[in-house]
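Visitor: I would like to learn how to read a few features of a structure. Please take them one at a time.

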Amino acid sequence: MSVKSPPIAARRPHRLECHGDVRIDEYYWLRNRDDPEVRAHLDAENAYLEDRLRHVRELRERLFEEIKGRIPQTDVSAPYRDGTHRYYWRYEDGRQYRIHCRSALDARGEQIILDVNALAEGHEFCDAAILDVSPDERLLAYAVDTVGRRRYAIRFRDLAARAELPDVIPDVVREAVWANDNRTLFYTRQDPVTLRPFQVLRHTLGSDVSADELVYEERDETFSCGVAKSRSKRYVLIGSHHTLTSEYRYADADRPHNGCEVFLPRERGHEYRIDHYRGRFYIRSNAAARNFRLLETPDDRTGREHWGELVPHREDVLLEAFELFRDHLVVQERRDGLVRLRVQPWDGAGGHDVAFDEPAYDAFIDSHNHVADTRVLRFRYSSLATPASTFDYDMRTRARTLVKRDEVLGGFDPAHYRTERLHAVATDGTHVPISLVARRDTPRDGTSRLLLYGYGAYGISMDAGFRSPRLSLLDRGFVYAIAHVRGGEELGRRWYEDGKLLSKKNTFTDFIACAERLIELRYTSPERLFAMGGSAGGLLIGAVLNMRPDVFRGAVAQVPFVDVLTTMLDESIPLTTGEYDEWGNPGAERFYDYIKSYSPYDNVAARRYPHLLVMAGLHDSQVQYWEPAKWVARLRARKTDDNLLLLRTNLDAGHGGASGRYERYRETALQYAFLLGLP
């Protein structure tokens, strides 16, 4: 049976002009999702992928069964306390989604509060989130998206009466908080075109949603807003955020109809986050502190002149987060590229770090530390060889209790794997960290295949955490490595600033330096080296393949942001206006020229490219499906090799891919089969 010919998208030149520069986009027409020809083209690409990957069909199925077989199909999360209940979720064998449950502290028995499997019936996609349980623990607010566009509907359930309430709030984001009256909910609404969260509203149960009161509207199109509850439960916090600037308001949770007050007016370049506990506000701020510092002030005097310093700024330590307890302050810091958890008693005595022993790992304060009146900190830990683990840590005695470690079935033994921390030297002399893992019996003589992962944007650090599906590569002789490139925040705020705006190309040259270092150290060779990245990491993959296609055998680009210039010139696209301080506003000529110089779509040339698998989501609100579709079409028209070029568009999902766990396993199996099946 002959292999199908690749789909060839029609070329319909579209003129784009800015600053006197003319670009011709021959695939601009693929932006029209309502055009039947667009859908037909995406269907044809999916069919072509299946045809070209016939030779790994059995391997895909084996990989799926392996991945599924390592994960307990009946599983329960680590329970956490909130109020008078313990909350947890569980999976049942054969079911795609979580079942959220709780049990009373003083009684046995389980109450199912939300079965996402029931919500998903009749839908190809379902993302459901527990938003908030009311202060009296009677009512549940939850959000559901059945498209993948991240436009949720908030619904309500009376947990005591086990009944659904009639109130439904459509087209909102997945965050909301209750006021203390157990009747009022603060939530955030999106702009219907750009999907920018721009309004905070107040809903009273039983009232008409169309009459909900506007609490705050963010009129600056470069800002987004959201809501949270303070540690003290006294305030509803309304945050406005932009890449470089923050502003908070606070409303009395006991008097939710009284309006809100500004904590500190926004100042360009000042990023801060607030919380409240025992009569004081606590502020993480970068004012005169590039790597942030922690301050406090009485809750009736929020002006900066009243702030007192708790944790000073340090040039070599990034202050990432903090949590407040009755007797202790816990600070999450990043030193030498690794997370540290610092415990400090309020009386100033006996401050210490929680000890971690592995050379590369991921650790963070768990989001479920809901009880402040305790001496127990809950944190999460994993490494490239240690499964995700939940610990309870006695901050006084320093004793730690393993509450749950994700079980890995199939004979997994962490002793069979080695983890390492290396460094590459970038073109400007900067030392770039690399974390890697391999089986101990994997040779280091240049004959091993290696998958190098990278991201490098938004100050998001790619820590060395565990994923059991990865074992399917490691056990077949792959080495897995993470390039901690600039644009993340692994080495502090400077690391982020040196990988954005007019320094963005550092992200790409860092990744290439890491690849070359791994080849030099004989972990792999160019014939056996593969790259992977998603979203902004997909931009990294696209730029690197244009710059140095000779270094890699193949690559996987997941929902890649590859048409950077066109997107950043289009203010109607979700996220564009809020990202000018990440990529630059190409309305200014110097940013236009710089972005154009690296934008993957604009730099596709008549050259050889490695084997490439591109993943997209039709309903993606963050990277529109047409970016990867256009990129593949242009690559197919211009590249000079016969290497595989495949596009797979999930027609029922968005940026995060499939929502059900089994479908996610299948997407991973597809990507791994592509890598393992290359000639």
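Guide: D82 lies in strand β4, residues 80-82. Helices (H or I, at least four residues) and strands (E, at least two) are DSSP runs, numbered from the N terminus. This is a predicted model, in which local features need pLDDT of at least 70, side-chain atom pairs count only at pLDDT 80 or more, and totals for chains, interfaces and linings use all residues. Residues are numbered from 1 along each chain as its sequence is written, and side-chain values use heavy atoms, with hydrogens and water left out.

Visitor: Why does D82 count as partly exposed?

Guide: Buried means under 20% relative accessible area, exposed over 50%, and partly exposed in between (1.4 Å probe, protein chains only). D82 has 28% relative accessibility, so it counts as partly exposed.

Visitor: Which residues is D82 in contact with, leaving aside neighbours within four places in sequence?

Guide: Contact means heavy atoms within 4.5 Å. On that basis D82 contacts Y87, E137 and H370.

Visitor: At what angle do the axes of α6 and α7 cross?

Guide: Axes are lines fitted to C-alpha atoms, for helices over the stretch in contact, and angles run from 0 to 180 degrees between N-to-C directions. Helix α6 (residues 505-520) and helix α7 (residues 536-547) have axes that come within 9 Å and cross at roughly 70°. Angles under 35 degrees count as roughly parallel, over 145 as roughly antiparallel, 65 to 115 as roughly perpendicular and the rest as oblique. α6 and α7 are therefore roughly perpendicular to each other.

Visitor: Which residues of α6 make the contact?

Guide: On α6 they are T507, F508, T509, F511 and I512. Their partners on α7 are L539, L540, I541, A543, V544 and M547.
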